[in-house]
Amino acid sequence: RGHEVGDAIVGAFLGRTFDEVRVVFAEFVSTMTQAPVDRLVLPIAPEQTAGEDSADDDHTADLDYIWEPGQTQLFDVLLPLYLRNRVFMTLMEAFTSEHAARMTSMTAATDNAGELIDALTLQRNRERQAAITAELLDIVGGANAL
């Protein structure tokens, strides 16, 4: 699936159908928590980290690296793989979040059903006990009348 989706996204982006591609999905945080996420997929840009310094960016921007094979050839191979991986990870996050939400819902439903069964069983036992007590009182009352 990731192949098909990734290829369709790249084709539409390169064909200028879209200016940018964003993916909105439920990110798995924990079993009880799924957070909505809006992530830019294309154009691919470096991710910002919390501890990045602008002075470090200026220093690394001036460096010139030798690429083997060439930078264009390397990116022609790596960027589609990167994009497919991002799509695959997005699908897996959404899949995991969905199943966690279902598991939580089913656990809550099972617990609620158990509590309801216990409450109804207690109510039925009280009604049956009341009926038995009423019958015993009728029998004792009839025996006393004789």
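The model is predicted: local features need pLDDT of at least 70, side-chain atom pairs count only at pLDDT 80 or more, and totals for chains, interfaces and linings use all residues. Residues are numbered from 1 along each chain as its sequence is written, and side-chain values use heavy atoms, with hydrogens and water left out.

**Fold**
- The chain has 3 helices and 2 strands. Helices (H or I, at least four residues) and strands (E, at least two) are DSSP runs, numbered from the N terminus.
- The order from the N terminus is α-β-β-α-α.
- Of the 146 residues in the chain, 12% are buried. Buried means under 20% relative accessible area, exposed over 50%, and partly exposed in between (1.4 Å probe, protein chains only).

**Nonpolar core**
- The largest nonpolar core has 10 residues: Ile-9, Phe-13, Val-21, Val-23, Phe-25, Val-37, Val-41, Leu-42, Leu-83 and Val-87.
- Val-37 is in contact (heavy atoms within 4.5 Å) with Val-23, Val-24, Phe-25 and Glu-27, leaving aside neighbours within four places in sequence.

**Thr-90**
- Thr-90 lies in helix α3 (residues 71-145).
- Thr-90 counts as buried because its relative accessible area is 10%.
- Its side chain reaches the backbone oxygen of Arg-86 at 2.8 Å.
- Beyond neighbours within four places in sequence, Thr-90 is in contact with Val-23 and Phe-25.

**Largest pocket**
- Val-10, Phe-13, Leu-14, Leu-42, Pro-43, Ile-44, Leu-79, Pro-80 and Leu-83 line the largest pocket. A pocket is an open set of points on a 1 Å grid over the protein atoms alone, where a 1.4 Å probe fits, with protein on both sides within 12 Å along at least five of seven lines; lining residues have an atom within 4 Å of a point.
- α1 and α3 each supply at least two lining residues.
- By class, the lining has 9 nonpolar, no polar and no charged residues. Ala, Val, Leu, Ile, Met, Phe, Trp, Tyr, Cys and Pro count as nonpolar, Asp, Glu, Lys and Arg as charged, and the others, Gly among them, as polar.

**Ile-44**
- Ile-44 sits in the loop between β2 and α2 (54-61).
- Ile-44 counts as partly exposed because its relative accessibility is 33%.
- Ile-44 touches Leu-79 and Tyr-82, not counting residues up to four places away in sequence.

Key: A polar contact is a pair of N or O atoms within 3.5 Å; within protein, one must be able to donate a hydrogen and the other to accept it, and residues adjacent in sequence count only if both atoms are side-chain atoms. A nonpolar core is a set of buried Ala, Val, Leu, Ile, Met, Phe, Trp, Tyr and Cys residues joined through side-chain atoms within 4.5 Å.
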